[in-house]
Amino acid sequence: TRVTALLGVTTDLSADMAADSLGVLANVLHLQEKDYSRFASSLVALGNAGASTESQIIAIAERAGAAGELIGASTTDVLGFASAIASIGIEPEAGGTALQKFFLDTSKAVSKGGKDLKTFAKVAGVSAKAFQKSFAKDAGSALEDFLAGLGKLSQGDQLRVLEDLGFNDERITRTLLGLANNTKLLSSQLDIA
């Protein structure tokens with residue numbers, strides 16, 4: 001109650017919206033009562049530091065949180081990615097759906113192996129085995145490495161890589177290219193979270 005009331009006063013969320021969102025995210029990300037205050041502090045810090053609002057970050061995190069939890073991304077990873085996506089001007093609905101697909105499809109490629117895993121690894125600048133190991137240990141960091149590598153490619157090569165990985169939808173292409181071409185922003189948002 002205290003945390004949602006504080007969010008209602010210090011952010012663009014009403015106390016009711018904060019309570020609803022915190023309830024959803026607590027279920028999705030398996031937050032415990034002791035985690036609420038830290039979660040709220042990260043959310044406010046991200047809202048203050050980026051070109052995004054807390055309501056945008058929450059909306060993206062609600063849509064992608066379950067996928068983040070499934071792949072082993074931390075709560076701070078989900079918040080950091082959500083903030084970076086909101087800060088580059090992607091609408092919450094599109095950004096949340098794109099982030100969810102990115103999380104899930106990368107996880108499938110890593111577990112399945114094969115051509116897609118090799119593509120992720122090559123773009124990240126590591127071997128397929130090293131990317132698998134990195135993803136298992138810290139999924140958020142492995143995804144950040146992939147996006148950093150993608151950002152170093154020419155625009156044509158970026159589009160080819162995304163097409164090869166099945167990221168053909170306009171929303172996910174726009175989101176991933178936005179993150180890849182703003183990796184400093186992504187890194188800073190993940191650090192703040």
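How many helices and strands does the secondary structure of the protein chain contain? The secondary structure comes to 12 helices and zero strands, where helices (H or I, at least four residues) and strands (E, at least two) are DSSP runs numbered from the N terminus.

This is a predicted model, in which local features need pLDDT of at least 70 and side-chain atom pairs count only at pLDDT 80 or more, while totals for chains, interfaces and linings use all residues. Residues are numbered from 1 along each chain as its sequence is written, and side-chain values use heavy atoms, with hydrogens and water left out.

**View 1. The whole protein chain.** Read from the N terminus, the elements run α-α-α-α-α-α-α-α-α-α-α-α. The radius of gyration is 16 Å, close to the 16 Å that the globule rule gives for 193 residues, so the protein chain is as compact as a globular protein of that length. This radius is taken over C-alpha atoms, and the rule is 2.2 Å times the number of residues to the power 0.38. The C-alpha trace spans about 50 × 30 × 25 Å along its principal axes. Of the 193 residues, 48% are buried (under 20% relative accessible area, with exposed over 50% and partly exposed in between; 1.4 Å probe, protein chains only).

**View 2. The largest nonpolar core and phenylalanine 103.** The largest nonpolar core has 63 residues; such a core is a set of buried Ala, Val, Leu, Ile, Met, Phe, Trp, Tyr and Cys residues joined through side-chain atoms within 4.5 Å. Those with the most contacts inside it are Phe81, Phe102, Phe103, Phe131, Phe146 and Leu147. Not counting residues up to four places away in sequence, Phe103 touches Ala64, Ala67, Gly68, Ile71, Val78, Phe81 and Leu143, a contact being heavy atoms within 4.5 Å.

**View 3. Glycine 95 in helix 6.** Glycine 95 belongs to helix 6 (residues 92–112) and is buried, with a relative accessible area of 0%. Apart from neighbours within four places in sequence, glycine 95 is in contact with Ile60, Ile85, Ile90 and Thr175. Arginine 38 is 57 residues from glycine 95 in sequence and 24 Å from it in space, C-alpha to C-alpha.

**View 4. Threonine 173 in helix 11.** Helix 11 (residues 170–180) holds threonine 173, which counts as buried at 14% relative accessibility. With neighbours within four places in sequence left aside, the contacts of threonine 173 are Leu159, Leu162, Phe167 and Asn168.

**View 5. Histidine 30 in a loop.** Between helix 2 (15–29) and helix 3 (36–49) lies the loop that contains histidine 30. Phi of histidine 30 is near 55°, a positive value in a residue other than glycine.
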